[in-house]
Every structure is written in structure tokens, then in C-alpha cells.
There are 2 protein chains.
Amino acid sequence: MIAKTPPAPYYAVIFTSIRTDGDNGYEAMAEEMDKQAKQQEGFLGVESARNELGITVSYWKSLEAIKNWKANTDHLVAQKQGRDAWYAHYKVRICKVERDYEF
Amino acid sequence: MIAKTPPAPYYAVIFTSIRTDGDNGYEAMAEEMDKQAKQQEGFLGVESARNELGITVSYWKSLEAIKNWKANTDHLVAQKQGRDAWYAHYKVRICKVERDYEF
């Protein structure tokens with residue numbers, strides 16, 4: 001469940017969100033987006049947890065891979081539904097992972 | 001609960017972890033570390049969520065601020081207890097946040 005990423009440098013998208021109440025089709029779309037992201041060129045892994053706050057970190061080979069995923073047609077639809085129905089507030093941070101270590 | 005960080009660039013430490021069973025003093029130490037991190041020079045904010053996987057992202061002004069927090073005496077004790085008792089596995093990723101946007 002901790003993403004097995006290659007040696008740094010690589011990229012991370014930190015997506016932090018507060019959900020609205022109710023499902024409104026969220027779970028089905030989240031599953032579909034998870035599936036599609038994993039098939040995307042340059043996808044390296046994803047980690048996710050949610051209490052009141054949700055944090056999803058996806059890992060990517062390059063900024064170009066992140067840009068391509070952001071522009072994916074189905075993902076654009078999901079992004080719009082996200083703003084219209086699922087999220088009260090979110091923040092996206094695009095990062096370069098400069099080093100990492102583990103235990 | 002979504003950290004109000006300043007305009008990029010700034011730095012993020014993504015700490016992803018799997019806990020061991022039982023508290024073993026974890027909650028009290030986590031609270032204390034949260035309190036101390038917030039007093040640290042260059043601390044910008046923190047976001048946290050846990051299901052099976054825990055994700056804590058702390059935000060910092062500089063790599064030096066991250067280094068100073070890692071070397072904080074009480075934090076060194078917590079890091080050792082983390083490896084000895086609280087975490088089955090963890091990964092730390094040091095990142096430069098290059099841009100961000102929000103809704």
C-alpha cells in the first residue's frame with residue numbers, strides 16, 4: 001500500500017480534499033479514475049487515506065505525464081463533477097520528489 | 001484542515017506509514033510532535049489522514065527547515081520509538097512543491 005516508487009527524482013501530485021455529503025456517484029468514478037490513472041504512461045503509484053480530510057498522492061515519471069493525465073478526457077469529466085458535486089474544497093500540489101528513504 | 005500554504009515554491013515532506021497494533025504511547029507522542037513541529041522555524045502547515053495507510057504531509061519554507069526538524073532532539077527520540085514500536089513500515093519523501101491550485 002506504500003507505493004513502490006523508483007529512485008528519486010520523480011514527481012508527486014498531492015491532492016488534499018474535503019468531501020461534500022453523500023456519494024452522488026463518487027465511489028464509482030473514483031474507482032474508474034484509479035483504474036485509468038494506473039494505465040497512464042508514466043504512472044508510478046498512488047497512496048490514499050481519508051478521515052474528514054482526504055489525501056491522495058499519485059506519483060509520476062515526469063511533469064509531462066502529469067499534464068497528460070490532467071488532460072485525459074474522462075478525467076476532465078471527473079474533474080468537473082468533482083467541482084460540481086463531490087468536493088467542498090480541494091488543493092492540488094505538483095511536486096518534484098528530490099529524495100526519499102524508508103523503514 | 002487543508003493547509004494554507006504560501007505561493008510556491010516551498011517544500012513538502014510526505015510521510016506514508018503502516019502502524020503496528022496497539023497504541024504503545026503513540027498518540028501522546030504524535031500530539032507532542034505536532035505541537036513542536038508547529039513551533040519550528042520555517043513550518044508552514046500539516047495535513048494528515050489515516051485508514052490502514054497513514055499519510056501525513058508537512059510543509060516547510062526550505063530544505064534547511066526540514067533538516068533542522070529532523071535533527072530536533074525530541075523528534076530524534078520519536079523517530080527511534082517509531083522504528084522500535086509504532087511503525088511496521090514507512091516511507092519519507094522530500095519534495096519541492098513547484099506549483100499549486102485550489103477549488
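Author: Take helix H2 of chain A. What covers its buried residues includes strand E1 (10–19), helix H1 (26–39), strand E3 (53–60), H3 and strand E4 (87–102) of chain A. This is a predicted model, in which local features need pLDDT of at least 70, side-chain atom pairs count only at pLDDT 80 or more, and totals for chains, interfaces and linings use all residues. Residues are numbered from 1 along each chain as its sequence is written, chains are lettered from A and ligands numbered from 1 in the order in which they are written, and side-chain values use heavy atoms, with hydrogens and water left out. Helices (H or I, at least four residues) and strands (E, at least two) are DSSP runs, numbered from the N terminus.

The buried residues of H2(A) are A:Ala65, A:Ile66 and A:Trp69; buried means under 20% relative accessible area, exposed over 50%, partly exposed in between (1.4 Å probe, protein chains only). These three lie on the same side of H2(A), because they cover an arc of only 100° around the axis, taken from the directions from the helix axis to the C-beta atoms. A:Glu64 and A:Lys67, on the other side of H2(A), are exposed.

H2 (residues 63–71) also meets H3 (residues 73–86) of chain A: their axes come within 5 Å and cross at roughly 70°. Axes are lines fitted to C-alpha atoms, for helices over the stretch in contact, and angles run from 0 to 180 degrees between N-to-C directions. H2(A) is therefore roughly perpendicular to H3(A) (65 to 115 degrees; under 35 is roughly parallel, over 145 roughly antiparallel, the rest oblique). On H2(A), the contact (heavy atoms within 4.5 Å) is made by A:Trp69, A:Lys70 and A:Ala71, and on H3(A) by A:Thr73, A:His75, A:Leu76 and A:Gln79.
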